[in-house]
Number of protein chains: 2
Amino acid sequence: MSAPKRVGQYTLQYANPPVVVATASIVGPKEGEGPLGDSFDMVVADSYFGEQSWEKAERKMLEEAVKMVMAKAQLKPQDVDFLLAGDLLSQTISANYAARALGIPFLGLYSACSTIYEGMTLAAILIDGGFAHHVVTAASSHYDTSERQFRFPTEQGIQRPPTAQWTVSGAAAVLMAPVGNGPRITQATVGRVVDMGIKDPNDMGAAMAPAAVDTIGRHFQDTGRNPIDYDLIITGDLGRVGHEIATQLLGSQGYDVSRNFSDCGILIYDHQRQDTHAGGSGCACSAVVFAGHLMGKLNQGEYKRILGVGTGALFSTTSTQQGESIPGIGHGVVIEKFN
Amino acid sequence: MSAPKRVGQYTLQYANPPVVVATASIVGPKEGEGPLGDSFDMVVADSYFGEQSWEKAERKMLEEAVKMVMAKAQLKPQDVDFLLAGDLLSQTISANYAARALGIPFLGLYSACSTIYEGMTLAAILIDGGFAHHVVTAASSHYDTSERQFRFPTEQGIQRPPTAQWTVSGAAAVLMAPVGNGPRITQATVGRVVDMGIKDPNDMGAAMAPAAVDTIGRHFQDTGRNPIDYDLIITGDLGRVGHEIATQLLGSQGYDVSRNFSDCGILIYDHQRQDTHAGGSGCACSAVVFAGHLMGKLNQGEYKRILGVGTGALFSTTSTQQGESIPGIGHGVVIEKFN
């Protein structure tokens, strides 16, 4: 027995696919200098963004991204039914304080770097289910707040292994509604937590790749589609190491993704020029690439249908210190532009 | 313009109110010795629950609670469409690892001690919206993991001020479905983040009380109801200090809650006999009291309609160290037993 708005065992199919009315993105200077720099709404001049701490800078990016997306749609906070947001910091403090400043009814999420995709999935459920007219989902991360929480303080200058990824500094917000212009969220395949035993927080792409593949495989099975049915299949932050693993794993399942499979963590930096090793990561990685680059291509008609898979590494400093491996998750969302 | 499944500006009204088919609760020895001890499904003999660390004990409690609620309904993990869960630990590691063990598509939440109420709100949306048949929502906390993360390691034996609360060790899981016996979730009023400037992590009741009052007030305004329309209005973990503040604030808004207003943090311990100061707190506090005590009263017909308001303090150790005040949130859910 399947619920009415489902296709196959796992995939949600929205009856009246919610519209992505507007997106907003704010990034740090390094992301602004990267290959996608022109696609972001705002590039801040320094990583403090005028604040006293990096944590406060990250929070300000998140808050400003939400304000920006509301301004684009000429909405005020009281016009927005729900804010769904999260970030990487312990107890998701960036999201909590941004929500405090905005006063919008708030549903806090934690899904590591896949947060914006969990948010889009739930926002579409709220709208298609008839519970809301305007929902904003948002996520942030910051290189310096993240490094000092998960790995080493950046001032320490620890040498990074080639598998390490560079946490994206930035925030993005996505505004969804039942009607309007813009691409639509048509389907979602929610992730399962998958853990293949990777224990190195400097090798997160390898930890997350099997989870992304689990979601993509279930999505194809549920929908009867193949990679060729998408203009683009794009993961959140597998980076070059994880991308190669995911490509091989999908190939071994009979899915040839050689022509249209990419990763936000690969696209956002020029890794040779910018010394970012395996690529970008962090909640902001998939969020700002969706809000900037991908929304641009969808609105221009270059992409008609994409499968975005937000990827997350669900570990903490305590769990790695206690010898635990790093579980991964991947939330898949289909975004289509119909005209 | 209001979305169809809404009453007033903020309150969700489910068209086909989802049924709470079963609940499961596991608590530590101290909670087992408290006034509600008989209402819980399992009382573990010691705070390690047979594990090597308190973090692993908390995770095991969460995982076992989910398994127990599925067993009660004779369901297997593959019968459950979604698991929505969270906890207090950084990066919600208890929930992440429990989700890894269970293999159910997972939506991670962070809403501090109000997590189970955010989960029930979203689970009801998934079911009433036609997206799912069986959803489990779960939350956990543990005295020793929480104290050492937010305040001081328990081994240190720091003296606790009278306003301090005692984090409940335990976990609960709630299974919801479109049909079945059991109470139904009829309405939900999602919380806004409210901050009145409290900076003391040993006075969380005072920090959260205004957020609970904001939600209860909006709920009454939206629905046109009064306190007397509920058999019970119960907050999650305001404790005795926060409960008194909330009672006064509601009184000043013209709502007399003197006869039917309670708090899970007050009910769960005998504070004089058990030395728990202002009362219980933690994600497990409202979760196990709902799953055990309140479900019992609803199923026995003693309560026909209750308003439960999960309360959360949305701070982190970093935010208090950086001089920030503690924002609060309160998610309100109406649970009714029709026959």
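Select A:Tyr230 first: this residue is buried, with a relative accessible area of 3%. Here buried means under 20% relative accessible area, exposed means over 50%, and partly exposed lies in between, with a 1.4 Å probe and protein chains only. The structure is a predicted model, in which local features need pLDDT of at least 70 and side-chain atom pairs count only at pLDDT 80 or more, while totals for chains, interfaces and linings use all residues. Residues are numbered from 1 along each chain as its sequence is written, chains are lettered from A and ligands numbered from 1 in the order in which they are written, and side-chain values use heavy atoms, with hydrogens and water left out.

A pair of aromatic rings is described by the distance of the centres and the angle of the planes. Rings of Phe, Tyr and Trp (its six-membered ring) pair if their centres lie within 6.5 Å; planes under 30 degrees apart count as stacked, over 60 as edge-to-face and the rest as tilted. By this rule there are twelve aromatic pairs over all chains. Helices (H or I, at least four residues) and strands (E, at least two) are DSSP runs, numbered from the N terminus. A:Phe220 is also buried, at a relative accessible area of 2%.

Next, display A:Arg305, whose charged end sits over the ring of A:Tyr230, 5.8 Å from its centre. A charge sits over a ring if NZ of Lys or CZ of Arg is within 6 Å of the ring centre and within 35 degrees of the ring normal. A further example is A:Arg59, which lies over the face of A:Tyr97 at 4.2 Å from the ring centre.

**The nonpolar core**

Select A:Phe290 and B:Phe290, the residues with the most contacts inside the largest nonpolar core, which has 220 residues. Such a core is a set of buried Ala, Val, Leu, Ile, Met, Phe, Trp, Tyr and Cys residues joined through side-chain atoms within 4.5 Å. Leaving aside neighbours within four places in sequence, the contacts of A:Phe290 include A:Val20, A:Tyr117, A:Met295 and A:Ile335. Contact means heavy atoms within 4.5 Å.

Move to A:Thr115 in helix H4 (residues 115-128) of chain A. At 0% relative accessibility, this threonine counts as buried. Its C-alpha atom is 7.4 Å from that of A:Ala85, 30 residues away along the chain. A:Thr115 touches A:Ala85, and among its other contacts beyond four places in sequence are A:Leu109 and A:Cys283.

A:Thr276 is found in the loop between helix H9 (271-274) and strand S13 (280-281) of chain A. Is A:Thr276 buried or exposed? A:Thr276 is buried, with a relative accessible area of 0%. Beyond its neighbours within four places in sequence, A:Thr276 is in contact with residues including A:Lys30, A:Trp166 and A:Asp270.

**Where the chains meet**

Select A:Phe150 in helix H5 (residues 143-150) of chain A. A:Phe150 is buried, with a relative accessible area of 8%. Not counting residues up to four places away in sequence, A:Phe150 touches A:Leu88, A:Phe315, A:Ser316, A:Thr317 and, from the other chain, B:Gln91.

Now show helix H3 (residues 93-102) of chain B, in which eight of the ten residues are buried. Among the buried residues are B:Ile93, B:Tyr97 and B:Leu102. Their cover includes helix H11 (317-321) of chain A, together with elements of chain B such as helix H2 (54-72) and strand S5 (82-87).

Display both chains. A rotation of 180° with 0.0 Å of shift along its axis superposes chain B on chain A (RMSD 0.0 Å), by least squares on the C-alpha atoms of residues with pLDDT of at least 70 in both. That is the relation of a two-fold axis. Because 100% of the interface residues of chain B are also interface residues in chain A, the copies meet through the same surface.

**Cysteines**

Finally, select the cysteines. A disulfide is a pair of cysteine sulfur atoms within 2.5 Å, and a search of the whole structure finds zero of them over all chains. The sulfur of B:Cys264 has its closest cysteine sulfur in B:Cys285, at 5.5 Å, too far for a bond.
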